[in-house]
Amino acid sequence: MSRIENRTAKVGLIGLGYVGLPLVLLFNEQNFPVTGFDVDTNKVRILTQGGSYIYRIPATEIQTARGRGFRATADYSLIDEMDAVIICVPTPLDEHREPDMSYITSTVQSIAPYLRAGQLIVLESTTYPGTTEEVVVPILEKNNRHGLKADRAGLDDPNAFFVAFSPEREDPGNDTVARCDIPKVIGGLSPQASQLAAALYGSIFNRTIPVSSPAVAEMTKLLENIYRCVNIALVNELKLLCLRMDLDIWEVIAAASTKPFGFHPFYPGPGLGGHCIPVDPFYLSWKAKEFDFQTRFIELAGEINANMPYHVVASVASALNRQKKVLNGARVLVLGVAYKKDIDDLRESPSLTIIELLQKEGAEVHYNDPYIPVVGKGRKYDLQTRSTPLEELGNYDCVLIVTDHSCYDYANIVKEAQLVVDTRNATKGMSASNLVRC
Ligand SMILES: NC(=O)c1ccc[n+]([C@@H]2O[C@H](COP(=O)([O-])OP(=O)(O)OC[C@H]3O[C@@H](n4cnc5c(N)ncnc54)[C@H](O)[C@@H]3O)[C@@H](O)[C@H]2O)c1
């Protein structure tokens with residue numbers, strides 16, 4: 001505890017992605033000696049050379065961090081030097097849309113041999129309730145070299161190690177809340193684990209929220225994301241109805257948002273994207289089956305949200321049809337492949353599904369995204385295409401706005417294009433015969 005207070009505690013961050021790398025910088029800013037671990041040796045090389053691979057993090061920030069002692073490595077043997085280890089590795093779904101726990105299990109297998117008494121291990125990856133106690137702790141206890149046990153209430157073992165779960169709550173691209181102002185929920189396996197984790201996170205976050213167990217903290221994160229997923233599905237469904245009724249859902253949401261209590265706005269779109277909202281709810285529905293429980297809201301929301309890219313493609317076809325054109329052979333420019341505005345992340349982006357569906361219908365599809373110069377091979381797609389310059393818009397049969405990046409000049413796009421289909425209300429307030437909102 002004193003090493004945390006005087007900033008000499010050595011902090012290891014495992015998984016230097018969108019979550020792990022910003023955390024590295026926060027601890028580094030507070031003068032903790034930080035070591036970043038990643039199996040991706042290319043990332044380790046870039047960081048070691050003072051570079052960055054995340055758009056929002058300029059290379060200069062990495063260079064400053066390196067000047068303050070930050071190092072990146074793929075060598076797990078350095079784990080035994082660490083006082084605290086924070087795990088931020090991916091938790092995707094597998095091909096059967098079930099939790100893929102392999103990143104967590106392989107990370108924990110790798111660190112177990114280097115575990116020391118007194119170390120604090122924190123899992124941050126979003127996952128189902130029970131993961132920390134049922135998956136992480138058993139692997140650590142079974143595979144460490146000294147027969148160490150995790151500290152639990154009443155254990156009273158001076159050689160124990162400490163375990164906690166603390167979910168990440170970052171909102172990429174959101175500049176309205178400083179990272180340090182996002183309260184940090186912490187669930188320790190024992191009261192002492194909670195205290196240690198709260199002290200550690202309390203040095204970089206302004207508020208920590210202790211809860212009674214890792215499972216409560218795991219469930220808290222899932223509740224937050226399921227709340228978003230279900231509410232987005234609700235407005236997506238109402239948007240489809242509003243389109244039929246010739247009502248503007250965006251105007252409706254704006255009016256409802258003036259209610260000073262009991263209403264929080266969510267917005268429709270071309271489908272869910274990102275590593276979290278389309279994925280995390282299914283971690284819970286999978287776990288729920290173990291308890292003979294069907295999470296019907298999650299399933300229904302998933303069904304509605306998954307249908308949105310199909311709705312977008314049908315809308316493009318019908319807008320072309322009104323211009324006496326067909327989708328087969330049409331030149332379509334997709335604006336934005338990032339899953340939301342002003343970020344460089346295309347994981348689970350609805351644009352990718354939309355591009356694939358358009359291609360299946362025979363369209364010649366191009367895309368432009370200032371944040372994503374190339375779309376190569378992902379887990380579910382292999383598009384191998386490059387961002388095309390934003391010029392000669394009149395040469396496309398349709399310009400399809402999928403991601404409403406702030407840098408686009410929408411008035412000019414509507415002026416130049418033959419047809420604009422807008423899935424995000426990016427053209428709010430504009431009216432033109434070649435403009436269709438869907
Ligand atoms: N990105 C977000 O906005 C966000 C927000 C909240 C929660 N989360 C959760 O945080 C976790 C991490 O997400 P992310 O967006 O940072 O993912 P990411 O893919 O950007 O980064 C994960 C990193 O872990 C590395 N990695 C994979 N296996 C490893 C291993 N065995 N050892 C060491 N490194 C390994 C990868 O190379 C990668 O650099 C996920 O569970 C995600 O659901 C993400």
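In the predicted model, a polar side-chain atom of Arg-347 lies 2.9 Å from an oxygen atom of the ligand, a polar contact being a pair of N or O atoms within 3.5 Å. A polar side-chain atom of Lys-43 is placed 2.8 Å from an oxygen atom of the ligand, while for Tyr-76 a polar side-chain atom lies 2.4 Å from a nitrogen atom of the ligand. Residues are numbered from 1 along each chain as its sequence is written, and side-chain values use heavy atoms, with hydrogens and water left out. Because the model is predicted, local features need pLDDT of at least 70 and side-chain atom pairs count only at pLDDT 80 or more, whereas totals for chains, interfaces and linings use all residues.

The ligand is surrounded by 27 residues, the closest being Val-19, Asp-38, Lys-43, Tyr-76 and Thr-91, where a residue is near a molecule if one of its heavy atoms lies within 4 Å of it. This shell divides into 12 nonpolar, 8 polar and 7 charged residues, and its largest share, 3 residues, comes from helix α5 (residues 102-111), helices being DSSP runs (H or I) of at least four residues, numbered from the N terminus.

Aromatic rings of Phe, Tyr and Trp (its six-membered ring) pair if their centres lie within 6.5 Å, with planes under 30 degrees apart counted as stacked, over 60 as edge-to-face and the rest as tilted. The count by this rule comes to 9 aromatic pairs. The planes of Phe-27 and Phe-32 stand at 85 degrees with the ring centres 5.6 Å apart, so this pair is edge-to-face. Phe-27 is buried at a relative accessible area of 0%, and Phe-32 is likewise buried at 1% (buried means under 20%, exposed over 50%, partly exposed in between, with a 1.4 Å probe and protein chains only). The rings of Trp-250 and Tyr-267 form a stacked pair, because their planes are at 5 degrees, with centres 5.7 Å apart. This pair links distant parts of the chain, with Trp-250 in helix α9 (residues 249-256) and Tyr-267, 17 residues apart, in the loop between α9 and α10 (280-289). Trp-250 is buried at 18%, whereas Tyr-267 is partly exposed at 45%.

Ring pairs also link Phe-27, Phe-32, Tyr-201 and Phe-205 into a cluster. The charged end of Lys-184 sits over the ring of Tyr-201, 4.7 Å from its centre, the criterion being NZ of Lys or CZ of Arg within 6 Å of the ring centre and within 35 degrees of the ring normal.

Terms used
Polar contact = N/O pair within 3.5 Å; in protein donor to acceptor, adjacent residues only side chain to side chain. Helix = DSSP H or I, 4+ residues; strand = E, 2+ residues; numbered from the N terminus. Nonpolar A, V, L, I, M, F, W, Y, C, P; charged D, E, K, R; others polar.
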